[in-house]
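These are my notebook entries on a structure that I am reading for the first time. I set down what I looked up, entry by entry.

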Amino acid sequence: MEWLKIVNYKYESVVYNKESGDLHLLSTFNAKALELMLENTSQSNLINKITESYEIEKEDAEDYLDNLYTEYRHLNLID
């Protein structure tokens, strides 16, 4: 994760891609999810975190995670 710099604030986080120069503003939770994705955290653990944090059903958490993966790929934050 040397190519990304993440700075967390109370409710938001700034993600800087050192390779592209792109800067992104994410919620603190989504930035933490990004960090976990980059650490190769299992999908089931990510879904559990989403379910607990947002108090939603597993199916909704799976959709949320799929959307994060799609968005982060589009932004070149993950492969």
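Entry 1, terms and basis. I call a residue buried when its relative accessible area is under 20%, exposed when it is over 50%, and partly exposed in between, using a 1.4 Å probe and protein chains only. I take helices (H or I, at least four residues) and strands (E, at least two) as DSSP runs, numbered from the N terminus. The model is predicted: local features need pLDDT of at least 70, side-chain atom pairs count only at pLDDT 80 or more, and totals for chains, interfaces and linings use all residues. Residues are numbered from 1 along each chain as its sequence is written, and side-chain values use heavy atoms, with hydrogens and water left out.

I looked up pLDDT, the predictor's confidence in each residue, from 0 to 100. The protein chain averages 94, and 99% of the residues score at least 70. Confidence is lowest in β1, with a mean of 94, and highest in strand β3 (residues 23-27), at 97.

I asked how many residues of α1 are buried. Eight of its 11 residues are, and the helix is mostly covered. I list the buried ones as Phe-29, Asn-30, Ala-31, Ala-33, Leu-34, Glu-35, Leu-36 and Met-37. Their cover includes β1, β2 (12-17), β3, α2 and α3. After α1 comes Asn-40, whose phi is positive, near 60°.

Asn-30 counts as buried because its relative accessibility is 14%. Leaving aside residues up to four places away in sequence, I find that Asn-30 touches Tyr-54, Tyr-64, Leu-68 and Tyr-72; contact means heavy atoms within 4.5 Å.

The core has 21 residues, of which Val-15, Leu-34, Met-37, Leu-65, Tyr-72 and Leu-77 touch the most other members. At least two residues come from each of β1 (4-8), α1 (28-38), α2 (43-54) and α3 (58-74). The greatest contribution is that of α1, with six residues. I note that in soluble globular proteins nonpolar side chains tend to be buried together. Leu-65 touches Met-37, Gln-43, Leu-46, Ile-47 and Ile-50, again not counting residues up to four places away in sequence.

I used axes fitted as lines to C-alpha atoms, for helices over the stretch in contact, with angles from 0 to 180 degrees between N-to-C directions. The axes of α1 and α2 come within 11 Å and cross at roughly 165°. The two helices, α1 and α2, are therefore roughly antiparallel, as angles over 145 degrees count as such, under 35 as roughly parallel, 65 to 115 as roughly perpendicular and the rest as oblique. Phe-29, Asn-30, Ala-33, Leu-36 and Met-37 of α1 make the contact with Leu-46, Lys-49, Ile-50, Ser-53 and Tyr-54 of α2.

Asp-66 and Ile-47 are 19 residues apart in sequence and 9.9 Å apart in space, C-alpha to C-alpha. Asp-66 is partly exposed, with a relative accessible area of 39%.

Terms used: Core = buried A, V, L, I, M, F, W, Y, C linked by side-chain atoms within 4.5 Å.
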